[in-house]
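Visitor: Hello! Could you help me learn to read this structure?
Guide: Gladly; let us look together.

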Amino acid sequence: VVVSSAGSPAAVSERLRAAQTIHVHVVASVRQALKCEQLGLDAVVCEGVEAGGHNAPQGTTTMCLVPQVVDAVSVPVIAAGGIADGRGMAAAFALGASAVQVGTRFAVCAESSAHQAYQQAVIDAGDRDTVLALSPVTPVRLIKNPFAQRALEAERQGASPEELKELLGKGRGR
């Protein structure tokens with residue numbers, strides 16, 4: 001199984017199909033899901049704006065996006081973005097999702113290799129403790145901290161995409 005994201009899956013879809021590999025792609029719109037289906041992908045991960053990390057520019061929520069994608073495609077739809085417990089899973093299934101993908105929640109489990117300070121920051125975060133920043137480059141959900149404030153301030157001051165990429169830095173997500 002290969003899960004691709006951030007760009008078109010067309011670059012690898014034929015090779016994966018030839019290798020009899022299940023190919024799933026992360027989408028943030030009905031249009032993207034339809035393109036994946038046309039390429040012959042096996043499923044789509046339908047990720048809403050609530051997701052941690054990188055987000056799609058449309059800003060559609062998971063619970064609004066999932067039923068629209070389910071209605072538009074015949075491939076399985078995997079719901080993602082803001083799903084952290086059984087209630088979120090039940091909601092996604094009620095909206096027609098075939099499965100769910102959970103990300104940030106697992107970053108804070110005992111088996112995770114994430115730094116303890118990051119894990120604690122996620123655990124301590126409340127409903128108003130994240131922001132979307134760096135939208136001119138790619139929207140990124142960040143815990144409010146000094147870096148997030150620098151990113152938001154750079155955006156407010158009209159930083160170019162190149163300046164924002166420099167601020168983001170290489171490998172920051174690791």
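Visitor: Does Arg-87 count as buried or exposed, and at what relative accessibility?
Guide: This is a predicted model, where local features need pLDDT of at least 70, side-chain atom pairs count only at pLDDT 80 or more, and totals for chains, interfaces and linings use all residues. Residues are numbered from 1 along each chain as its sequence is written, and side-chain values use heavy atoms, with hydrogens and water left out. Buried means under 20% relative accessible area, exposed over 50%, and partly exposed in between (1.4 Å probe, protein chains only). Arg-87 counts as exposed, at 67% relative accessibility.

Visitor: Which residue forms a salt bridge with Arg-87?
Guide: Side chains of opposite charge can pair when their charged atoms come close. A salt bridge is a side-chain nitrogen of Lys or Arg within 4 Å of a carboxyl oxygen of Asp or Glu. Here Arg-87 pairs with Asp-85, their closest N and O atoms being 2.5 Å apart. Asp-85 is partly exposed, at 29%.

Visitor: How many salt bridges does the count come to?
Guide: The count comes to two. Glu-153 also forms a salt bridge with Arg-156, with the closest N and O atoms 3.3 Å apart. Glu-153 is partly exposed at 34%, whereas Arg-156 is exposed at 58%.

Visitor: What separates Glu-153 and Arg-156 in helix H7?
Guide: Helices (H or I, at least four residues) are DSSP runs, numbered from the N terminus. Glu-153 and Arg-156 are three residues apart in helix H7, so about one helical turn separates them.

Note on methods. Helices (H or I, at least four residues) and strands (E, at least two) are DSSP runs, numbered from the N terminus.
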